[in-house]
Protein chains: 2
Amino acid sequence: METKAQALEIAKTQLQLRGYNGFSFQDIANELGIKKASLHYYFSSKEDLGLALIEDYAAAFQQWADKLAELSPYEKIEKYILMFYSFAQDNLKICPAGVFCVDFNALPVRMQKSITELQDTQRRWLEKALIRGIKDGDFKKSLKAKDTANLLIAACQGGLQLARFQDNCRVMKSTCQTLLDLLTDI
Amino acid sequence: METKAQALEIAKTQLQLRGYNGFSFQDIANELGIKKASLHYYFSSKEDLGLALIEDYAAAFQQWADKLAELSPYEKIEKYILMFYSFAQDNLKICPAGVFCVDFNALPVRMQKSITELQDTQRRWLEKALIRGIKDGDFKKSLKAKDTANLLIAACQGGLQLARFQDNCRVMKSTCQTLLDLLTDI
DNA sequence: GTCTATATATAGATAGAC
DNA sequence: GTCTATCTATATATAGAC
């Protein structure tokens, strides 16, 4: 399964650097040093590869979230932002959701479903942390958890795009920090 | 110039619905009822079309901004959000910058420059409005104009993506309204 | 300005040998 | 598992007729 895992890693990088239509089996094969036809042994179609990518991201998020179970709501939100920031730090990558959103209407239905599911999972995770955080006083009492979760996601995804345009990953961090300050009572 | 303008309109719609690599000369030609080869009379290459698209957006923004000269800083920001919201209302379109950001690394250099220029223009416009708005008390005194401008752009672009995923344009509006409330002292 | 015809490149995908 | 060879579809792009 070594080759399959390697192929997935390469695909993930390409996806976040050049978009879903911005890389091909050929690109992955080149980097892997095999022929593109060989890749069909692991992924019968590009849709198949696309689904594997999304599942991989979903599994990684689940694993990541499990590790943070003991942290405070505020710390969880901080870590969430840092997870996205680590994308920007790595060659100004943007997030997979931002990538798939663009050609969403042109994607196979199964991929559309898988992506929205992943987004829903993340939004619910944020919302849950925010509900407790608002109650505990980590965040402003006046906030609505649902709207705030959406705003956080938007700031992260939008922040990554700003970083790429401005060729400076710190822009993403300061943008999200500005929001974080606004969410806490000062 | 009628046909050229029509082609640009179709391209703009396709761009915001399916991404830059998500439509072809063929698609435009079909909708226009001509042959794809004929389009090369107006746009010698897809890069040429891409540049025309960006210039078109830039001109539209300039025109839009000029009309708002008399408004208060707060009203300007409100209008800025509404401009993006009108994208979401129209078949859950996302913004051109969000589209081009994804395949940015795969785009011709001239397009990259043109896009970042457009983004810079919008950011400077926001920043200028915010500097006055913060001074006038429209917005919180503690805000930094530059960071706030970035946060607003991120919320708009990210909000459009959320709307598409959640298949609900109002999500974009409530997300930005949540931010707007945070930016004003309440 | 628009057409037909064609060139060229590349994508995703399959068949079958090794 | 990986290869060669091949198929089909589609993209951008050009030449030249009308």
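**Cavity and ring contacts in a predicted model**

This predicted model holds 1 cavity of 30 Å³ or more.

Student: How much space lies in the largest cavity?
Tutor: Start with the cut-off: the structure has 1 cavity that reaches 30 Å³ or more. The space in the largest cavity comes to about 50 Å³.

Student: Which residues are closest to the centre of the largest cavity?
Tutor: The lining is made up of 13 residues, and they divide into 3 nonpolar, 6 polar and 4 charged. Those closest to the centre come from chains A and B: N21(A), D103(A), N21(B), V102(B) and D103(B).

Student: On to the rings. Is the aromatic pair of W64(A) and Y80(A) stacked or edge-to-face?
Tutor: Over all chains, the search turns up 24 aromatic pairs. For W64(A) and Y80(A), the centres are 6.3 Å apart and the planes are at 65°. An angle over 60 degrees is what counts here, so the pair is edge-to-face.

Student: Why does the pair of W64(A) and Y80(A) tie together parts that are apart in sequence?
Tutor: Both residues are buried, and they belong to one aromatic cluster that includes F61(A), F84(A), F87(A) and W125(A). W64(A) lies in helix α4 (residues 46-67) of chain A, while Y80(A) is in helix α5 (residues 73-89) of chain A, so the parts tied together are 16 residues apart in sequence.

Student: Which residue has its charged end over the ring of Y57(A)?
Tutor: Chain B has a charge over a ring too, with K46(B) over the face of Y20(B) at 4.6 Å from the ring centre. Over Y57(A), the charged end sits 5.0 Å from the ring's centre, and it belongs to K12(A).

Definitions and conventions: Residues are numbered from 1 along each chain as its sequence is written. Chains are lettered from A and ligands numbered from 1 in the order in which they are written. This is a predicted model: local features need pLDDT of at least 70, side-chain atom pairs count only at pLDDT 80 or more; totals for chains, interfaces and linings use all residues. Side-chain values use heavy atoms; hydrogens and water are left out. Rings of Phe, Tyr and Trp (its six-membered ring) pair if their centres lie within 6.5 Å; planes under 30 degrees apart count as stacked, over 60 as edge-to-face and the rest as tilted. Helices (H or I, at least four residues) and strands (E, at least two) are DSSP runs, numbered from the N terminus. Buried means under 20% relative accessible area, exposed over 50%, partly exposed in between (1.4 Å probe, protein chains only). A charge sits over a ring if NZ of Lys or CZ of Arg is within 6 Å of the ring centre and within 35 degrees of the ring normal. On a 1 Å grid over the protein atoms alone, a cavity is a set of points where a 1.4 Å probe fits but cannot get out, and a pocket is an open set with protein on both sides within 12 Å along at least five of seven lines; lining residues have an atom within 4 Å of a point. Grid points are joined across faces, edges and corners, and a volume is the space filled by probe spheres set on the points. Ala, Val, Leu, Ile, Met, Phe, Trp, Tyr, Cys and Pro count as nonpolar, Asp, Glu, Lys and Arg as charged, and the others, Gly among them, as polar.
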